[in-house]
Amino acid sequence: MSPRRVLRNIGFESGLLLIGIPVLLWTLIPIYHMFLFAISPKDAAFSGQLWPTNPTLRNFETVLGQKHHFLNHFWLQMLNSVVISLGTAAITLFVATAAAFAISRLRMKGGRLVMNLALLTYFIPAAFLAVPMYKTMGMYGLLNNDWALVLAMATIASPYAIWILRQASDKLPVELDEAAMIDGASPFQLFRLIYLPLMVPSLIAVGTYALLLAWNEYLYAFLLLSKNTAITLPVALGNFLSADDSPWELLMTAGFLYALPPAAIYYAFRRYMSSGLTAGAVKG
Amino acid sequence: MTATTIDTAARREKSRWAGFGLSERQAWSLLFVAPYVAIFIGFVLFPVGYSFWLARSPHLYVELASDPIFLRTVINTFVFLVVAINVKMALALFLSGFFVQKRWWVKVLAVLFVLPWAVPSIPTILSVRFMLNPEWGVINQLIFAFTAEDGPNWLNDPALALSLSMLVHIWKSLPFWTLILLAGRLAIPGELYEAASVDGAGAWHRFRYITWPSMSTLYVTCTLLSMIFTVGDFNSVYLLTGGGPADLTHVLATLGIRYLRLDQVGLAMASIVCALPLILPLVYFMMRRLSR
């Protein structure tokens, strides 16, 4: 290599580093700040230290032991979050899998219309649908009921789920269905024995998507649920803001615990997520 | 030629379902699609229709227009969309070019980079909110330590607070769009770049004549889609500023909820109806692109 080329390579590599380091800091600072609060005693957290002189697990003890009046129902609220996320994932999977099967494999009459209506729903900004949703859930008598949030989140998650599943399903060869039908299979057998097994990777992607959507949701949760024993964790965290002297170190500790499961799930299913979800978006 | 293709296709379609007749297939498909249709009617069609009915009175729009917060909100929303989304997408395009580089540490960084998107908004946005606390926040404490002067009261200045909300929005959603654009970049055949290198094209020319032409459609689609999502972004503003100070940093997403909490559902819906001229062209465009 000529000296000029070497010089240019060094320039390029250091240029990459000059981008990489700010990107790393930008990404991690808010998360590190949250972690820092979680392991700091209150006075250390408020003094602007970048690492506490005496890191402690006391905050975790307080949160997990529900030893503060903001956190009296921490475990119950965590359970609410779990139940609502799993419920949302289950209903979204059920609804979207069946709909995508009808549209893509059974070539349903009017399937295109259903798909377009679903896409249209996907394009309603979430905060705008929240107001009508709140009023309607009130009319249905579902406010403060887990079902309200589960159904609302399934409504929001289904359109994208149907769209992704339909695309995946369209890729399965028609000949499979034909062969099965020659053997006398019914549409339900096609669904159960051919469609479901072949769709597993996409189902995992869609299920994870719905699960994370529901777990992370704040707006709908705080509109639809208000009782201290019915709310999910994000709403409980938001309630910390109602007081002026909030224990921020505990808020950050609870928030850290709340952020762990979705991050873990995301990384565990990253393979499915990126292939299933970005493929859909890139096609556009 | 077309006639025969259609003919074969039709015959093929027919033979495919000869097993249980057309009506039986339609019956099954109705059964399978029924759960979604029920959800759509119960939780989209009815609520939206009912809300339009609530927002039918012209008085509401007069009242809305006379609310100074509303005008401010419209301006804020506009600024938010134009500035935040363009900055974000340009950054995403740039960073996708960074993450496409094959280095082990770039791969590690890519895994960490997704964190803001993978982690729920509430704790991270509240974490930023405390960093910006004028007295106890780490930013002003550092400013004081270095300059011996008090830093600004970040969230008490409407312009600054709105800019910080945009920054939070960018922090949260940049990874997602970077990944999408990265997938777009990876789909460009490598031979194009090799050929360009042989011809002695520099980095700018490679971008201008290879990367951008192959990605411009995707880039525009992503920008529009991001606009639709961002109009509905409640968290970035509400959790950081709460719409304050003095309700000067609201965007349409938070204003509707503010009216709702003040028990003015009519106004809430009217404010959303006012956003439709902004949303509908975007939605129309996206529908044409995606429903193929």
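Trainee: Why is the crossing of α5(A) and α14(B) called right-handed?

Mentor: A crossing is right-handed if the near helix is turned clockwise from the far one by less than a right angle, and left-handed if it is turned anticlockwise, and α5(A) passes α14(B) in a right-handed crossing. Bear in mind that this is a predicted model, in which local features need pLDDT of at least 70 and side-chain atom pairs count only at pLDDT 80 or more, while totals for chains, interfaces and linings use all residues. Residues are numbered from 1 along each chain as its sequence is written, and chains are lettered from A and ligands numbered from 1 in the order in which they are written.

Trainee: What makes α5(A) and α14(B) oblique to each other?

Mentor: The axes of α5 (residues 111–122) of chain A and α14(B) come within 10 Å and cross at roughly 135°; such axes are lines fitted to C-alpha atoms, for helices over the stretch in contact, with angles from 0 to 180 degrees between N-to-C directions. Under 35 degrees would count as roughly parallel, over 145 as roughly antiparallel and 65 to 115 as roughly perpendicular, with the rest oblique. The angle of roughly 135° belongs to the rest, and the two helices are therefore oblique.

Trainee: Which residues make the contact of α5(A) with α14(B)?

Mentor: Two residues are in contact if their C-beta atoms, placed from the backbone, lie within 7 Å. Asn116(A), Leu119(A) and Leu120(A) of α5(A) meet Val283(B), Met287(B) and Leu290(B) of α14(B) in this way. By class there are five nonpolar, one polar and no charged residues, where Ala, Val, Leu, Ile, Met, Phe, Trp, Tyr, Cys and Pro count as nonpolar, Asp, Glu, Lys and Arg as charged, and the others, Gly among them, as polar.

Trainee: Why are α13(B) and α14(B) called roughly antiparallel?

Mentor: Helix α13 (residues 252–261) and helix α14 (residues 265–290) of chain B have axes that come within 7 Å and cross at roughly 165°. That angle lies over 145 degrees, and therefore the pair is roughly antiparallel; their crossing is left-handed. The contact involves Leu252(B), Leu255(B), Gly256(B), Tyr259(B) and Leu260(B) of α13(B), and the residues of α14(B) include Val265(B), Ala268(B) and Ile272(B). Sorted by class, the contact has nine nonpolar, two polar and no charged residues.

Trainee: How do you know that chain A is more spread out than a compact globule?

Mentor: Chain A has 14 helices and zero strands, counted as DSSP runs of H or I with at least four residues for helices and of E with at least two for strands, numbered from the N terminus. The radius of gyration of chain A is 24 Å, well over the 19 Å that the globule rule gives for 284 residues, so chain A is more spread out than a compact globule. The radius is taken over C-alpha atoms, and the rule is 2.2 Å times the number of residues to the power 0.38. Along the principal axes, the C-alpha atoms of chain A fill a box of roughly 75 × 75 × 30 Å.

Trainee: What makes chain B more spread out than a compact globule?

Mentor: Chain B has 14 helices and zero strands. Its radius of gyration is 25 Å, well over the 19 Å that the rule gives for 292 residues, so chain B is more spread out than a compact globule. The box for chain B is roughly 85 × 65 × 30 Å.
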